[in-house]
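Here are my notes on the model you sent over, point by point. Have the coordinates open while you read.

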Amino acid sequence: MSFVTFDPAAPRDSDFAGPMRHPLGGDAANGMWLSDTEPTSVDAPKLRAERLAKLRAWMARAQYGGILLFDPYNQRYATGTRNMFGYFLRNSTRYFFIPTEGPIVLLDYPQSYHVSTCLETVDEARPSKLVWSSVSGRDEETAGPFAAEIADLMRLHGGGSKKIGLDRCSHLQALALQKQGLEVRDCQGEILAVRAVKTAEEIKCLQVSMAGAEAAVAAVRAAIRPGVSENELFAVMYGEVIRQGGEFIETRLLSSGQRTNPWFNEAGGRRVRPGELVALDTDMIGCFGYFSDFSRTFRCEPGRPTGYQRSLYRMAHDQIQHNIGIIKPGLTFREIAERAWKIPDRFVEQRYTSVMHGVGMHGETPFIAHAMDFATYGREGRLEPGMVVSVESYIGEKGGPEGVKLEEEVLVTETGGAVISRFPFEDELLGTEI
């Protein structure tokens, strides 16, 4: 498997003003797009076919007759379809039956089948047995017909296997499937493992998505001024994400001044004051549903940064650069934890939860914890070429006035790490301005 890699000597030539385009993404020279979210550099049918083939190869190895997908992210990975994404994140009533071999059946919201049947990955669409089930207080009543229909599909297309994987559903539905004689397994973790290594087309999606996220962050940076509120800055970022052809932002992680410490305060009505830090995390869903996850911290003018602000920023930058430098295929997650940048004692308590974590259609596997947290949050595994990770840093001491959040998104190649995020760091905070 080969990927377009990052040349550290190349200029950071991302165009933050135009439509989403990553300089490594291979868009046609004329910049023409099929649509606002379908750049010509991405072969969408190939993208869908390769993902589905990976999924079905795992199913065959694990001896599944079929899987039932309720999670909209998994549905999109398997089929490329999207329908009322946010709605179905909280209403598990749209689902796909995918046999290891045979037709893929979508059970969807009534009258919306046409949204998905235009794709070659959907062979048949039927009305969902679960639409409005919970709202109508009919979950116990609908569980039986739901399970009977799935059991019938397993008999027809499951190749004689009774093993069915579910990524999520209510216990009533799982019990009903068992009553039909099916062997029900939770397959969410297995699917995430399949998704961990990206295809070349997925890498292109991540690159294009990143360019859109960077445009949004550039718009925020330009909008920072005394008196602007965190909500206004977040609106700027969200608006630019949509304008660039992105879809939504998973979090509201944008804070200023004293609210940058500790991390994870969400955007609110607080107004930025001169000289304060403004920190953000993109957490953006962009091109073809692919995640862009990088973080930056800025300073509101006028004046110059304080020595304390520079000290925080330099430490965060050092942590990011050190941890990017240790990335290489074959390295175990525990080795990464042990070799990671040593956090100074006074910043340990408010450390970011992970050294790095996987990126794909959202924050994915692997999750690589700090050595001190490995027994609690860590897991064993190795970096593989084609994985994409976000390398994290938060530097802020308990009771301190401010904190700094930085993060880069990195592709694991055959030889090391290639940085996908290209947004520049702040020279004045690094102390490198001319």
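1. Let me start with Phe288, which sits in the loop between E12 and E13 (strands, E, are DSSP runs of at least two residues and helices, H or I, of at least four, numbered from the N terminus). Its phi is near 55 degrees, a positive value in a residue other than glycine. At 14% relative accessibility, Phe288 counts as buried (buried is under 20% relative accessible area, exposed over 50%, partly exposed in between, with a 1.4 Å probe and protein chains only). For background, most residues other than glycine have a negative phi, and most peptide bonds are trans.

2. Before going further, the ground rules. This is a predicted model, in which local features need pLDDT of at least 70, side-chain atom pairs count only at pLDDT 80 or more, and totals for chains, interfaces and linings use all residues. Residues are numbered from 1 along each chain as its sequence is written, and side-chain values use heavy atoms, leaving out hydrogens and water.

3. How confident is the predictor, on average over the chain? The mean pLDDT (the predictor's confidence in each residue, from 0 to 100) is 91, and 91% of the residues score at least 70. Two stretches need caution. Residues 1–14 stay under 50, and the model gives them 33 contacts beyond four places in sequence (a contact means heavy atoms within 4.5 Å). Over residues 27–37 the pLDDT is also below 50, with 21 contacts in the model beyond near neighbours in sequence.

4. In the model, residues 51–197 are 44% helix and 17% strand, with the end C-alpha atoms 10 Å apart. For residues 205–414 the figures are 32% helix and 23% strand, and the end C-alpha atoms are 20 Å apart.

5. E9, E12 and E13 make an open three-stranded sheet in the order E9-E12-E13, with antiparallel pairing (two strands pair if DSSP finds at least two bridges between them). E9 (248–249) and E13 (291–292) stand at the edges with a single partner strand each, so one side of each is left without a neighbour in the sheet. Two bridges join E12 (residues 284–285) to E13, and Met284 has Ser292 as its bridge partner in E13.

6. Is E11 enclosed or open to the outside? Five of the five residues of this strand (residues 277–281) are buried, so it is largely enclosed by the rest of the structure. Leu277, Ala279 and Asp281 point one way, Val278 and Leu280 the other, and all are buried. E11 is joined to E10 (residues 254–256) by three bridges, antiparallel, with Ser256 partnered by Val278. Five bridges join E11 to E14 (residues 295–299), also antiparallel, and there Leu280 pairs with Arg296.

7. Please look at the backbone in a few places. The peptide bond from Asn261 to Pro262 is cis, with omega near 0 degrees, and Pro262 is in the loop between E10 and E11. Another cis bond joins Thr365 and Pro366, with omega about 5 degrees; Pro366 is in strand E16 (residues 363–369). Gln63 has a positive phi near 60 degrees. Gln63 lies in the loop between helix H1 (44–61) and strand E3 (66–69), and at 61% relative accessibility it counts as exposed.

8. Now the rings. The structure holds 14 aromatic pairs (ring centres of Phe, Tyr and Trp, the last by its six-membered ring, within 6.5 Å; planes under 30 degrees apart are stacked, over 60 edge-to-face, the rest tilted). One aromatic cluster is formed by Trp263, Phe264, Tyr352 and Tyr394. Lys405 lies over the face of Tyr352, at 4.8 Å from the ring centre (the criterion is NZ of Lys or CZ of Arg within 6 Å of the ring centre and within 35 degrees of the ring normal). Lys163 lies over the face of Tyr64, at 4.4 Å from the ring centre.

9. Last, Phe234, in helix H9 (residues 230–243). Phe234 is buried, with a relative accessible area of 6%. Leaving aside residues up to four places away in sequence, Phe234 touches Ile249, Thr251, Arg252, Leu254 and Ala267.
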